[in-house]
Amino acid sequence: MVETKIRQIVEKIGGLHYEFNDWTRTNATIDYTSLPVCVNVLPVSGKLSNKNGNLRDYPNCLIAFMDKAELDFEGAENEITVNRMKGYAKRFIAEANRSGLFQPITADVPYSVVYDFLDANLTGIAIELQLKESVGDCLDNTLNP
């Protein structure tokens, strides 16, 4: 399961609370979450790859790295937090590549700066990438559970 693999990578990085949810539920619970936080947003699309009798999940992922921001922040102050969260995103990509759980991430990874997105005052970045499982499920096992 891709979500479990993402959780393992975030735990290996350390220093982040991990959340797997949609944005609405995350917004409702984020005030009770320790920060900084990695939010793995419930994927809305992806691909199932069927090669050589092995089904692999390739979800389109949105993973956000966020921390507390001052209520009325200045751009320079916010940039410090954004860069720190960008560091977590870089570590995530590097660790995902080291883990062998996914095919290597070699393409550019788009990101968006997020602030004033949730009710809580958080800022950071969200990366968009398709994580491709290295090992999937045997087609025979999928058809005959």
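Two strands pair if DSSP finds at least two bridges between them, and helices (H or I, at least four residues) and strands (E, at least two) are DSSP runs, numbered from the N terminus. The structure is a predicted model, in which local features need pLDDT of at least 70 and side-chain atom pairs count only at pLDDT 80 or more, while totals for chains, interfaces and linings use all residues. Residues are numbered from 1 along each chain as its sequence is written, and side-chain values use heavy atoms, with hydrogens and water left out.

**Strand β6 and its partners**

Strands β5 and β6 form a hairpin with six residues between them. In the turn, Asp116 has a positive phi of about 50°. Strand β5 covers residues 111-115 and runs antiparallel to β6, with five bridges joining the two. Within this pairing, Val113 stands opposite Ile125 of β6.

Strand β6 also pairs with β4 (residues 54-68); this arrangement is antiparallel too, with nine bridges. Here Met66 has Gly124 of β6 as its bridge partner.

Burial is stated by relative accessible area: buried means under 20%, exposed over 50%, and partly exposed in between (1.4 Å probe, protein chains only). Strand β6 spans residues 122-130, and seven of its nine residues are buried, so the rest of the structure largely encloses this strand.

**Nonpolar cores**

In soluble globular proteins, nonpolar side chains tend to be buried together. A nonpolar core is taken here as a set of buried Ala, Val, Leu, Ile, Met, Phe, Trp, Tyr and Cys residues joined through side-chain atoms within 4.5 Å. The largest such core has 23 residues, and those touching the most other members are Ile6, Ile63, Phe65, Phe92, Ile127 and Leu131. Two or more residues of this core come from each of α1 (2-13), β4, α3 (75-99) and β6. Helix α3 gives the largest share, six residues.

Contact means heavy atoms within 4.5 Å. Apart from neighbours within four places in sequence, Ile6 is in contact with Tyr18, Asn40, Cys61, Ile63, Phe92, Phe102 and Leu131. Another core, of twelve residues, lies apart from the largest one; Trp23, Ala64, Ala120 and Leu122 are among its members.

**Cys38**

Cys38 is found in strand β2, residues 37-41. Its relative accessibility is 0%, and therefore Cys38 counts as buried. The C-alpha atoms of Cys38 and Ile63 are 6.9 Å apart, although the two residues are 25 apart in sequence. Beyond neighbours within four places in sequence, the contacts of Cys38 include Ile63, Ala64 and Phe65. Val10, Leu16, His17, Tyr18 and Glu19 are also in contact with Cys38.

**Charged residues**

A salt bridge is a side-chain nitrogen of Lys or Arg within 4 Å of a carboxyl oxygen of Asp or Glu. By this rule there are five salt bridges. The table lists some of them.

| Salt bridge | N to O distance |
|---|---|
| Arg7 and Glu3 | 3.0 Å |
| Lys5 and Glu133 | 2.9 Å |
| Arg98 and Glu95 | 3.4 Å |

Arg7 and Glu3 both lie in helix α1, four residues apart, about one turn of the helix. Arg7 is partly exposed at 31% relative accessible area, whereas Glu3 is buried at 12%.

The pair formed by Glu133 and Lys5 links distant parts of the chain, 128 residues apart: Glu133 is in the loop between β6 and β7 (137-138), and Lys5 is in helix α1. Both partners are buried, Glu133 with 6% relative accessibility and Lys5 with a relative accessible area of 13%.

Glu95 and Arg98 are three residues apart in helix α3, and so about one helical turn separates them. Glu95 counts as buried at 12% relative accessibility, while Arg98 is exposed at 61%.

Arg56, in strand β4, is buried yet has no salt bridge. With Lys and Arg counted as positive and Asp and Glu as negative (His and the chain ends are not counted), the nearest side chain of opposite charge to Arg56 is Glu133, 6.8 Å away. A polar atom of the Arg56 side chain lies 2.9 Å from the backbone oxygen of Ser134. Leaving aside neighbours within four places in sequence, Arg56 is in contact with residues including Lys47, Glu133, Ser134 and Val135.

Technical notes
Polar contact = N/O pair within 3.5 Å; in protein donor to acceptor, adjacent residues only side chain to side chain.
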